[in-house]
Amino acid sequence: MRHTPTFVLSDVDEVKRLVRENPWATIVSHTAAGLVASHYPVVLEEDATDPEAIVLVSHVGRPDERSHELGEHEVLVIVQGPHGYVSPGWYPAEQIIPTWNHVTAHLWGTPEILSDDENFRVLGELVDHFERVMPEPSTLTLDDAGSRRVAKGTVGIRLRVTRFDARAKLSQNKAPEVVDRIVAELEHGEHYAQPALAAEMRRVRDR
């Protein structure tokens, strides 16, 4: 990403929060055949020995593990949070350049391939993670044998992030009254409303 010191996001806890709230990620690999990209859900796995570590677990559908040459080299995982267009119509009259606000993290690491048993455990935890808010949560244990058959079509991975580059570009370089106008437009405006982005801007403004 472009080097923009004003918007650098270096707080590990904030990057973890971004992953928790935006678990649909893009996995990019530079392989012998060229660049390969796929999209899968990721969840955080806490490391009791290193609370600062960012560890992701996920799975890919076969044969993506071969397409990506997973386990053989570093991959890039991109997590995209709230984002949206910011019109200069929300700025003072003399400011005419629009922009795009966003929260984005690039995370690098070499995936570890999980055993079939561990993959099934992680898949179960993934389902439970998203089902927990449902009134009658589903779980893979409702049909253990059938779920295990389906799981054979996937390959589990664990990615210990070795470095990351994140940005929270949320109009921090604008005057407070301008930020208030942008938040109001993103919350309730007729054009380009993005309530999730407004909420993220409000968090940064109020801290």
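A: Start with a definition: a cavity is a set of grid points where a 1.4 Å probe fits but cannot get out, and its lining residues have an atom within 4 Å of a point. The model here is predicted.

Q: How many cavities of 30 Å³ or more does a search of the whole structure find?

A: Rolling a probe the size of a water molecule over the atoms shows where empty space is left. Here the search finds one cavity of 30 Å³ or more. The volume of the largest cavity is about 70 Å³.

Q: Which residues line the largest cavity?

A: Among them are Ile27, Val42, Leu56, Val57, Ser58, Val77, Pro111 and Leu159. Strands S4 (55-61), S5 (75-86) and S8 (154-160) each give two or more residues. S4 supplies the largest share, three residues. By type, the lining has ten nonpolar residues, one polar and no charged.

Q: Which residues touch the most other members of the largest nonpolar core?

A: Val77, Ile182 and Met201 do, in a core of 37 residues. Helix H5 (residues 176-188) gives the largest share of this core, five residues. Beyond four places in sequence, Ile182 contacts Val86, Trp90, Tyr91, Ser171 and Met201. A second, separate core has five residues, including Val122 and Leu126.

Q: Which residues of H3 are buried?

A: An α-helix has 3.6 residues a turn, so residues three or four places apart point the same way. In H3, Asn119, Phe120, Val122, Leu123, Gly124 and Leu126 are buried. They pack against S2 (34-41), S3 (43-44), S4, helix H4 (144-151) and S8.

Q: What should the 16 residues of H3 span?

A: At 1.5 Å a residue, helix H3 (residues 116-131) should span 22 Å. The end C-alpha atoms of H3 are 22 Å apart, which agrees.

Terms used
Residues numbered from 1 in each chain as written. Predicted model: local features only at pLDDT ≥ 70, side-chain atom pairs only at ≥ 80, totals over all residues. Heavy atoms only, no water. 1 Å grid on protein atoms, 1.4 Å probe; cavity = no way out; pocket = protein on both sides within 12 Å on 5 of 7 lines; lining within 4 Å. Points joined across faces, edges and corners; volume = space filled by probe spheres on them. Helix = DSSP H or I, 4+ residues; strand = E, 2+ residues; numbered from the N terminus. Nonpolar A, V, L, I, M, F, W, Y, C, P; charged D, E, K, R; others polar. Expected span 1.5 Å × (residues − 1). Buried < 20%, exposed > 50% of the residue type's maximum accessible area, 1.4 Å probe, protein only. Contact = heavy atoms within 4.5 Å. Core = buried A, V, L, I, M, F, W, Y, C linked by side-chain atoms within 4.5 Å.
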